[in-house]
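Topics are taken one at a time.

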Amino acid sequence: MSGFAYRVTADAVEEIAPRDALACAAEFVWIHLTSRDEEVQAWLRDHAALDHFTIDALTALETRPRCEQVDGAALLNLRGMTQAQMASSDPLASIRMRADGRRVISVTRLPLDALDAARAAMEAGQIRDAGDLIATLATAITEQLDPHVAQLGDSLDDCEEQLDPRAAFELRRSVSAARRKAIGYRRFLYPQRVALEKLAGLPVPWLSDEDRLHINAAADRAARMAEELESIRERAALIHEALTDLRAEVIDQRSLLIAVVAMIFLPLTFITGLFGMNVDGIPYARHPESFWVITGFSLAVAAGVGLYFVRRHWFR
């Protein structure tokens, strides 16, 4: 079982082994576990003495952001950025926490970027209780997500400026990638906002007014990002439709050009086929100027047909 733990006393903040955290005397203890096996479940059951509902919430394979109150403690699941390779439909790593006044137990299956910010704040002495820790994690998660959401919007701005049927394939691929990411982020940001708002309203004494303000600010930021992702998804759909229309317009123009050329050559084909028949009685068959006469007549017919299409405004 891997992970880390911190204990906070009146004098210092000390990093200790997770196995020793439950037995140490401290004002506040943060125990973080990172594992994919059953060892974490056994430790949570046998050493931390947690109930089955809490253990299942902390070790579930599939999670979504949520917040529940159980016996004066808060069960909180959040999603944040990770450096691990993730699927486009599930781009964010989860952190599951059980927090009460004196102890926070958190579990992750993949490395979470926000943990670095929380550990730095812990070692700097800025975290003194569970409320400080959760507020720090929630703030770090939303701050790290914000530039990625903004980047998706910027990428769509670039696509809108480069709308060109000649680059439709590359633009469509970029728009589709941005849309997939936006859908993946939005899938978790809406319930994350609800979870943070519910956490800020829990009637627990270990959440101070300042902690609730920070958590509400993180919830508002999550709501703003969720709205931006919804806008990105709609813009991506509009850009995709615009690219499809441009492509269809190019195809229509080319089809029109082919049709006009075919209409010009249709009477010429009839004339040349008529005078090219290998039968007796063709007029001017032995006249020395007949080839040039027929050629001139064909050119005049072609010019007349082309002028007709021009006057009908088929070329714009």
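Which residues are linked in a network of salt bridges? Glu143, Asp146, Arg221 and Arg224 are linked in this way. A salt bridge here is a side-chain nitrogen of Lys or Arg within 4 Å of a carboxyl oxygen of Asp or Glu.

This is a predicted model, in which local features need pLDDT of at least 70 and side-chain atom pairs count only at pLDDT 80 or more, while totals for chains, interfaces and linings use all residues. Residues are numbered from 1 along each chain as its sequence is written, and side-chain values use heavy atoms, with hydrogens and water left out.

Terms used below:

- Buried means under 20% relative accessible area, exposed means over 50%, and partly exposed lies in between (1.4 Å probe, protein chains only).
- Helices (H or I, at least four residues) and strands (E, at least two) are DSSP runs, numbered from the N terminus.
- Contact means heavy atoms within 4.5 Å.

**Salt bridges**

- A search of the whole structure finds 11 salt bridges.
- Glu230 pairs with Arg186 in a salt bridge whose closest N and O atoms are 2.6 Å apart. Glu230 lies in helix 6 (residues 209-275) and Arg186 in helix 5, so this pair ties together parts that are 44 residues apart in sequence.
- Glu230 is buried, with a relative accessible area of 17%, whereas Arg186 is partly exposed at 25%.
- Glu230 also forms a salt bridge with Arg233, with 3.0 Å between the closest N and O atoms. Both residues lie in helix 6, 3 residues apart, about one turn of the helix.
- Arg233 is partly exposed, at 28% relative accessible area.
- Arg7 and Glu14 form another salt bridge, their closest N and O atoms being 2.7 Å apart. Glu14 is partly exposed at 36% relative accessibility, and Arg7 is partly exposed at 23%.

**Helix 3**

- Helix 3 spans residues 114-123, and its buried residues are Ala114, Leu115, Ala118, Ala121 and Met122. They cover an arc of only 125 degrees around the axis, which puts them on the same side of helix 3; the arc is that of the directions from the helix axis to the C-beta atoms.
- An α-helix has 3.6 residues a turn, so residues three or four places apart point the same way.
- The exposed residues Asp116 and Glu123 sit on the face of helix 3 turned away from its buried side.
- Among the elements that cover the buried residues of helix 3 are strand 1 (2-8), strand 2 (13-16), strand 3 (28-34), strand 6 (93-99), strand 7 (103-108) and helix 4 (130-161).
- Gly125 follows helix 3 and has a positive phi, near 80 degrees.

**The largest pocket**

- A pocket is an open set of points on a 1 Å grid over the protein atoms alone, where a 1.4 Å probe fits, with protein on both sides within 12 Å along at least five of seven lines; lining residues have an atom within 4 Å of a point.
- The largest pocket has a volume of about 410 Å³, a volume being the space filled by probe spheres set on the points, which are joined across faces, edges and corners.
- Its lining has 19 residues, of which Met81, Pro91, His148, Lys181 and Tyr185 lie nearest the centre.
- Helix 4 and helix 5 (168-200) are the elements that give two or more residues to this lining. Helix 5 gives the most, with 6 residues.
- By class, the lining has 9 nonpolar, 8 polar and 2 charged residues. Nonpolar covers Ala, Val, Leu, Ile, Met, Phe, Trp, Tyr, Cys and Pro, charged covers Asp, Glu, Lys and Arg, and polar covers the others, Gly among them.

**Residues in loops**

- Leu50 is in the loop between helix 1 (39-46) and helix 2, and is buried at 11% relative accessibility.
- Not counting residues up to four places away in sequence, Leu50 touches Leu44, Arg45, Ile55, Leu58, Arg98, Arg103 and Ile105.
- Ala49 is in the loop between helix 1 and helix 2, and is exposed at 61% relative accessible area. Its phi is positive, near 55 degrees, in a residue other than glycine.
- Thr63 is in the loop between helix 2 (52-59) and strand 4 (66-70), and is buried at 11% relative accessible area.
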